[in-house]
Amino acid sequence: MYVAVRRYEGVTDPAEAARLVNEGFVPLMRQVPGFVAYYWVDAGDGVMVSTSVFQDRPGAEESISRAADFVRDNLASLLPNPPEVMAGEVVASA
């Protein structure tokens, strides 16, 4: 499995960002081949973190691309700063 993690700082309206992600982005993630799970986390203090889990690397890479497009097209005013993006193979899980 592969995971892509994106950390957003300076989120201006976490509740509205969560609504838009749930209604618009989650359905996009479910369409990516190899989709396993997606989580959008409000970490407090204007920080939100997304975690996308896929069966393979191409799925995780596709999620990064789709996230960038979705943020640009739908969330730019709510997520004004570029995210810190990390991705990699799952090497341990429970």
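1. A quick definition to start: helices (H or I, at least four residues) and strands (E, at least two) are DSSP runs, numbered from the N terminus. Keep in mind that this is a predicted model, where local features need pLDDT of at least 70, side-chain atom pairs count only at pLDDT 80 or more, and totals for chains, interfaces and linings use all residues. Residues are numbered from 1 along each chain as its sequence is written, and side-chain values use heavy atoms, with hydrogens and water left out.

2. Overall layout. The chain has 2 helices and 4 strands, and from the N terminus they come in the order β-α-β-β-α-β. Its C-alpha atoms fill a box of roughly 35 × 25 × 20 Å along the principal axes.

3. Burial. Of the 94 residues in the chain, 36% are buried; that word means under 20% relative accessible area, with exposed over 50% and partly exposed in between (1.4 Å probe, protein chains only).

4. Salt bridges. A search of the whole structure turns up 7 of them, each being a side-chain nitrogen of Lys or Arg within 4 Å of a carboxyl oxygen of Asp or Glu. In helix H1 (residues 14–31), Glu16 and Arg19 sit 3 residues apart, so about one helical turn separates them. They form a salt bridge, with the closest N and O atoms 2.7 Å apart. Glu16 is partly exposed at 26% relative accessible area, and Arg19 is partly exposed too, at 36%.

5. Helix H2 (residues 57–75) has a pair of its own: Arg66 and Glu62 are 4 residues apart, which means about one helical turn lies between them. Their salt bridge has its closest N and O atoms 2.9 Å apart. Back to Glu16 and Arg19: salt bridges that share partners join these two and Glu23 into one network.

6. Arg7 bridges to Glu9, and the closest N and O atoms there are 2.1 Å apart. Arg7 counts as partly exposed because its relative accessibility is 29%, and Glu9 does so at 42%.

7. Now have a look at Arg6, in strand S1 (residues 2–8). Which side chain of opposite charge is nearest to Arg6? Glu62 is, but it lies 11 Å away, and Arg6 is buried with no salt bridge (Lys and Arg count as positive, Asp and Glu as negative; His and the chain ends are not counted). What the Arg6 side chain does have is a polar contact with the side chain of Ser52, at 3.0 Å.

Notes: Polar contact = N/O pair within 3.5 Å; in protein donor to acceptor, adjacent residues only side chain to side chain.
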